[in-house]
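Me: I have a model open and want to go through it. Can you take some questions?

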Amino acid sequence: MTSLQTMRLVAGREFRERGRSRAYLVSSAVTLLIILAMIVVPAVLRSQGRTFTVGILGSGNEPILAAAEALTAADEFPTTLRRVAFEARDEAVAALEAGEVDAVLVDGRELVVATAGGFGGSDLERLLQQAAGTRRIQDLLAGDEAAADVVEILTSDALEVVPLRGERGREVGQRGVIAYGGLVLMYIAILSYGTWMLTGVTEEKSNRVVEVLLATTKPWQLLAGKMIGIGLLGILQFVGTVVAAVVALRVTELFDLPAIPVDLLVAMVAWFLLGYAVYSAAYGAAGSLVSRAEDAQTAAFPMTLVAIAGFFASFRALDDPSSTTAVVLSFVPPVAPFVVPVRVAFGAIPAWEHALAAGVTVVFLALLVRLAGRVYSGALLHQGGRISFRDAFRSAEV
Amino acid sequence: MLVLDGLEKTYGEVRALDGCAFAVERGRMLGFLGPNGAGKTTTMRAIFGLVRLDAGSVTWDGRPVTDAERLRFGYMPEARGLYPKMKARDQLVYLGMLHGLTRSDARRAADRWLETLGVGERAEDPVEELSHGNQQRVQLAASLVHDPELLVLDEPFSGLDPLGVETMAEVLRAQADAGTAVVFSSHQLDLVEDLCEDVAIIDRGRIVLAGNVRELKDASRYRRLELELEDGGEFLRRLTGVVAHEVDGDRHRLLVDKDTDVRELLAAASSTARIREFAYTTPSLNDLFREAVTR
């Protein structure tokens, strides 16, 4: 038996048994349903178009409403503005409170809304503001030849920005979407599959099967095999979900899916694997410290904290992918898998920095696996209660 | 032959093994005895490399035991455990393959052992749905599935009902008869006495008595004497060389010096009392154990 054969057996068992378990099938199905619902429901709602009911009081309102209709006329799905005229302010306010109208336009200068914010009202508010602004500029510059220029200035940037690295404009928006989406997915995936690792190790210890296994396998083979098996299942679920989401987006055309550049895709997959490996090794070691499933999350808390910190730190990279913080965090291995893909997405990381960050993480991973393997072997045969990280490290027997 | 020599292991202040040494031969069964905490489990774990020894060696057929040898060993740890949600058969196939069997060989062996141990009908059930006794059978099958040359079992009889004990004893006996070296620990001394050719008794990390059960009994300094007398028994008090004397009504159980003259004793007994029963035997394993492990 070579180590490879042993790891393949361990990984195979993990893949088959966990893959067949109700927990895996249900979690996969639920994830898929949630993702599809998030795409399909808004798409269906949008395809039916939107209708706002606007209360009208006094004069000077119609030009604004007409301008609003003109603004949305080019949209794929129609926005309809229903008008309800009122004689007195009291009546209009009462209708607004009763929800019969979405907002009340007064004399073309005032918009009365039910509450200060809220998602429902704000779309209408934004539309009417834009329409009123357009109206006013047209009135102001009526007949002037400069009118077109004024509108042009107001709707575009006055200075042309020339970046040394990365691209701007529409491209940036798309890359931002990819970076943000990738980041969130990566965070969720690493934490979920790390948790499988955590509970899987604790289970083996609590049902005491581990001593039989250790009589023929080395702890690091067991750890590595488990990481591979769970990783494969995780990737399967992950890829399945992403493919379903992409297909649903294409079919519903909810929004234009940016084409993901191949280099970015490769970088994202590679960093996902690195991130998963780092966290699953750490979670595996944490899981070996305790004997009961209830204690597993507590033992893993430090790792979870690091993952959360890494996740939030990478928002800094989203804001400014070239900032000092982002550069420094690229070389902090547990955080790098979150930060580096974001910087890659914006084209804000030089190749040498990217290679160095990957190198640092790989070296860290190699050390971590050895450390985790040692803790794992020291802790596995310790039954009952929790063993400290230090004791586990010291009492490593095999 | 498995040879343990000069095993030493210290956990902090506790000296778990202190020169432990004994041998297990192929085709024989050795009962590994000792009070709780004497070092039995540590010794067994050392055979599988689960304990890093401070000193001493474990050899199989004269060569140091390595991972390759351990694939041909079978182990049933004291802390029993299987994957609860995995089917009994799949579990055995997996463990068989970890020991180097091909998938088809592992399947055949798993089916054969499940059948032999009377759990063939439950092969496709998850282990957690099996009764306690049947789980124990699957656990035994797990240590046997790869036809090991050496079988090491930590307390295999604990928690078994009388039928389970019988099955376990038969299987172990058959394994030893087929040429396997079998060693198991136990607190059930009468069982070990019936089943094993050899014993090793460990106390505070050292082997205090080891060898062939029959020879150890013969070599003992004591003999067991059991008498049932109609009346009297006074004369027994005058007997020299009595190590222990228990009286239960008319029944007397004595442990006497090996050199005690039995004919003289019989003469004395028959002149003062009527003898209903008389037995003069070598000491039991229990006697040997108590003598070896004096606290």
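This is a predicted model: local features need pLDDT of at least 70, side-chain atom pairs count only at pLDDT 80 or more; totals for chains, interfaces and linings use all residues.

Me: What is the strand order in the open sheet of chain B?

Reply: The sheet has four strands in the order 12-13-11-14, and their pairing is antiparallel.

Me: Which strands stand at the edges?

Reply: Strand 12 (242-248) and strand 14 (275-281) of chain B. Each has a single partner strand, so one side of each is left without a neighbour in the sheet.

Me: And what does the twist average?

Reply: From one strand to the next, the average is 10 degrees.

Me: How many bridges join strand 11 and strand 13 of chain B?

Reply: Seven, in the antiparallel sense, between residues 222-229 of strand 11 and residues 251-257 of strand 13. Within that pairing, B:V256 in strand 13 is the bridge partner of B:R223.

Me: How many between strand 11 and strand 14 of chain B?

Reply: Six bridges, again antiparallel.

Me: Which residue of strand 14 stands opposite B:E228?

Reply: That is B:E277.

Me: Switching to chain A. Where do the domains run?

Reply: The domain assignment gives domain 1 as 6-40 + 168-394 and domain 2 as 49-155.

Me: How many Å apart are the C-alpha centres of domain 1 and domain 2 of chain A?

Reply: The two centres lie 48 Å apart.

Methods: Residues are numbered from 1 along each chain as its sequence is written. Chains are lettered from A and ligands numbered from 1 in the order in which they are written. Two strands pair if DSSP finds at least two bridges between them. Helices (H or I, at least four residues) and strands (E, at least two) are DSSP runs, numbered from the N terminus. Axes are lines fitted to C-alpha atoms, for helices over the stretch in contact, and angles run from 0 to 180 degrees between N-to-C directions. Domain bounds come from an automatic or database domain assignment.
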